Amino acid sequence: MKSIFLTLLLVIFFSQTGLPESYMPKDKINGSGLKIPKVVSLKNSLTFMRSGPGRKYPVIFEIRQKGYPLKITAEFNNWRKVVTSDKLTGWIHTQLLSSFRTGIILDTILLKKTPSDKSEAKAKLLPKLIVNIIRCDLKWCKIEIIKEKTHSGWIKKKSVWGALLK
């Protein structure tokens with residue numbers, strides 16, 4: 001009896017235990033099916049960020065900037081868990097989000113005419129400026145800034161929050 005118990009214990013110990021290989025922790029429940037993390041922007045000039053995925057959860061932050069970029073880190077039905085460039089986290093309804101790509105300038109940087117360190121500078125960009133991201137390659141992003149008139153040019157990818165993901 002003792003040897004059967006020991007044999008059974010050894011079989012259990014050396015057999016594959018744990019979770020099946022097909023199991024992966026979920027970062028989305030009935031969400032969009034899009035790849036996460038993903039950068040999006042705000043549609044409105046006033047958006048409430050909540051502590052959980054639903055209107056019953058309290059508002060924890062107000063973001064008062066149309067086009068403000070956010071990184072989606074999780075999904076729950078029509079709600080998206082987002083992170084700001086300042087690492088504030090909360091939930092926003094999908095109707096308030098846009099797939100239009102924007103970014104935030106991290107440091108003072110020069111807007112270049114072409115994607116090269118040797119290129120002529122067109123303007124000096126200050127931190128916290130929100131820019132539209134046209135496209136990015138490995139090191140550079142083409143951006144535009146719309147104020148009284150539209151300015152476009154190139155900046156280093158590492159200088160704009162929101163461009164780190166494709």
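V59 is partly exposed, as its relative accessible area is 37%. I note at the outset that the model I examined is predicted.

**Entry 1: V59 and its patch.** I located V59 in strand β4, which covers residues 59-63. I then looked up the surface around this valine. Together with L46 and F48, V59 makes a nonpolar surface patch of about 220 Å².

**Entry 2: K81.** I next turned to strand β6, residues 79-83, where K81 is found. Is K81 buried, exposed or partly exposed? Its relative accessible area is 29%, so K81 counts as partly exposed. I set aside the neighbours within four places in sequence and listed the remaining contacts of K81: K71, I72, T73, A74, T89, G90 and W91. I also checked the separation of K81 and T94. These two residues are 13 apart in sequence, and their C-alpha atoms are 10.0 Å apart in space.

**Entry 3: backbone angles.** I recalled a general point before reading the angles: most residues other than glycine have a negative phi, and most peptide bonds are trans.

- I found a cis peptide bond between I36 and P37, with omega about 5°. P37 is placed in the loop between β1 (28-29) and β2 (38-42).
- I recorded a positive phi of about 70° for K87, which is not a glycine. K87 sits in the loop between β6 and β7 (89-93). With a relative accessible area of 67%, K87 is exposed.
- I recorded a positive phi for K128 as well, near 80°, and K128 is likewise a residue other than glycine. The loop that holds K128 runs between β11 (121-125) and β12 (130-136). K128 has a relative accessible area of 53% and is therefore exposed.

**Entry 4: the disulfide.** How many disulfides does the structure hold? I found one. In general, a disulfide is a covalent bond between the sulfur atoms of two cysteines. Here the bond joins C136 to C141, with an S to S distance of 2.0 Å. I looked up its handedness next. The torsion about the S-S bond of C136 and C141 is about 105°, so this disulfide is right-handed.

Methods:
Residues are numbered from 1 along each chain as its sequence is written. This is a predicted model: local features need pLDDT of at least 70, side-chain atom pairs count only at pLDDT 80 or more; totals for chains, interfaces and linings use all residues. Side-chain values use heavy atoms; hydrogens and water are left out. A disulfide is a pair of cysteine sulfur atoms within 2.5 Å. Helices (H or I, at least four residues) and strands (E, at least two) are DSSP runs, numbered from the N terminus. Buried means under 20% relative accessible area, exposed over 50%, partly exposed in between (1.4 Å probe, protein chains only). Contact means heavy atoms within 4.5 Å. Patches are made of residues with over 30% relative accessible area and no salt bridge: like charges are joined within 9 Å, nonpolar side chains (Val, Leu, Ile, Met, Phe, Trp, Tyr) within 5 Å. Accessible areas come from the Shrake-Rupley method with a 1.4 Å probe; for residues, only the protein chains shown count as cover. A salt bridge is a side-chain nitrogen of Lys or Arg within 4 Å of a carboxyl oxygen of Asp or Glu.
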